[in-house]
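Please look at the sequence and the 3D structure shown here, and keep both in view while reading the report that follows.

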Amino acid sequence: MSKINGIYAAVMSVLNNDLTLNTNKTIKHAEMVIDQGCHGAAIFGSTGQAQLISISEKINLFNELSKSKYKEKYIIGTGLNSLGETINLMSVATSLNFKKFLIMPPAFYKYSDNDVINFYSKIIDAHPECEIVLYNFEKLCGYKFSAECIQELVKLFPKQIIGVKDSSYNLFENLKIDNFSILPGSESKLMKGLELGCSGIITATCNVTSILARKVYDDFCDKKEQTSDQKLCDIRNVFEKYNLISALHSYYSKTNGIYKNVLPPLSILKSQDEKDLINELEKLNFLTKSTMVA
């Protein structure tokens with residue numbers, strides 16, 4: 001059985017008007033998506049603006065997150081290029097008994113599979129107790145994991161390399177490793193992935209689709225007829241017409257204005273795009289829920 005199974009949201013970060021991280025509301029948001037159906041949540045992934053949030057704010061959130069009723073359900077994203085800062089941030093998280101991490105290779109530089117293996121080896125040398133979900137997203141970091149690279153990492157570190165979030169979609173159809181979680185980064189890949197033996201998904205839009213995504217997952221596991229997958233994919237496709245972070249924050253801001261706050265260079269949708277987003281979701285009978293964080 002894989003270490004991580006089910007529906008995971010790459011949760012949003014909630015910011016104050018001065019663009020500092022609102023720790024309390026970010027945690028409430030993470031707890032909300034779990035309450036609505038997610039098996040867990042990835043904190044400080046790209047959807048959570050991890051690369052733009054200061055280390056001190058991340059540490060403050062970890063301290064409060066360690067008190068959450070869902071502490072065991074979180075995967076901690078590092079969102080850092082620096083090897084040293086990644087290791088140091090993990091030291092704080094592990095001291096609070098967080099064990100699972102979502103880690104992307106550094107952005108900007110060009111490097112080989114062997115270089116990637118060296119990068120993760122250094123992290124594991126420093127934190128042999130950690131469990132790492134590799135983050136495969138070439139559009140963000142410039143590097144795309146090969147199946148061979150992942151197989152070698154799992155061979156070297158079978159206890160530490162436990163899965164991959166596949167947002168480049170070059171792995172989930174072909175990679176087969178025992179006791180290893182393969183989690184595509186889109187609801188539109190959920191059913192096909194499950195049929196191929198994948199473990200679930202980690203996605204940005206599970207911030208809004210958690211109820212539907214959980215139903216699709218549960219119906220598959222229970223061998224029931226699929227009645228929600230097409231709607232789930234349609235909703236994902238609507239959001240994908242826009243920058244996902246911008247669209248998600250615009251969607252939530254219809255109920256709570258604090259979600260309009262995003263860190264530059266990000267922005268919420270322009271007025272017409274926001275109207276188009278809401279109109280398209282209304283056509284799918286998918287409306288803003290009143291359960292959003294107050």
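Does Phe44 count as buried or exposed? With a relative accessibility of 2%, Phe44 counts as buried, where buried means under 20% relative accessible area, exposed over 50%, and partly exposed in between (1.4 Å probe, protein chains only). The model is predicted, so local features need pLDDT of at least 70 and side-chain atom pairs pLDDT 80 or more, while totals for chains, interfaces and linings use all residues. Residues are numbered from 1 along each chain as its sequence is written, and side-chain values use heavy atoms, without hydrogens and water.

Phe44 lies in the loop between strand 2 (40–43) and helix 2 (55–65); helices (H or I, at least four residues) and strands (E, at least two) are DSSP runs, numbered from the N terminus.

| Residue | Phi | Relative accessibility |
|---|---|---|
| Phe44 | about 60° | 2% |
| Asn285 | near 60° | 58% |

Asn285, in the segment after helix 11, counts as exposed. Another backbone feature is the cis peptide bond that joins Pro264 and Pro265, with an omega of about 10°, and Pro265 is found in the loop between helix 10 and helix 11 (271–283).

Turning to the strands, strand 1 (residues 6–10) runs parallel to strand 8 and is joined to it by four bridges, where pairing requires that DSSP finds at least two bridges between two strands. Gly6 has Gly200 as its bridge partner in strand 8. Strand 8 (residues 200–203) is covered on both faces, with Gly200 and Ile202 buried on one side and Ile201 and Thr203 buried on the other.
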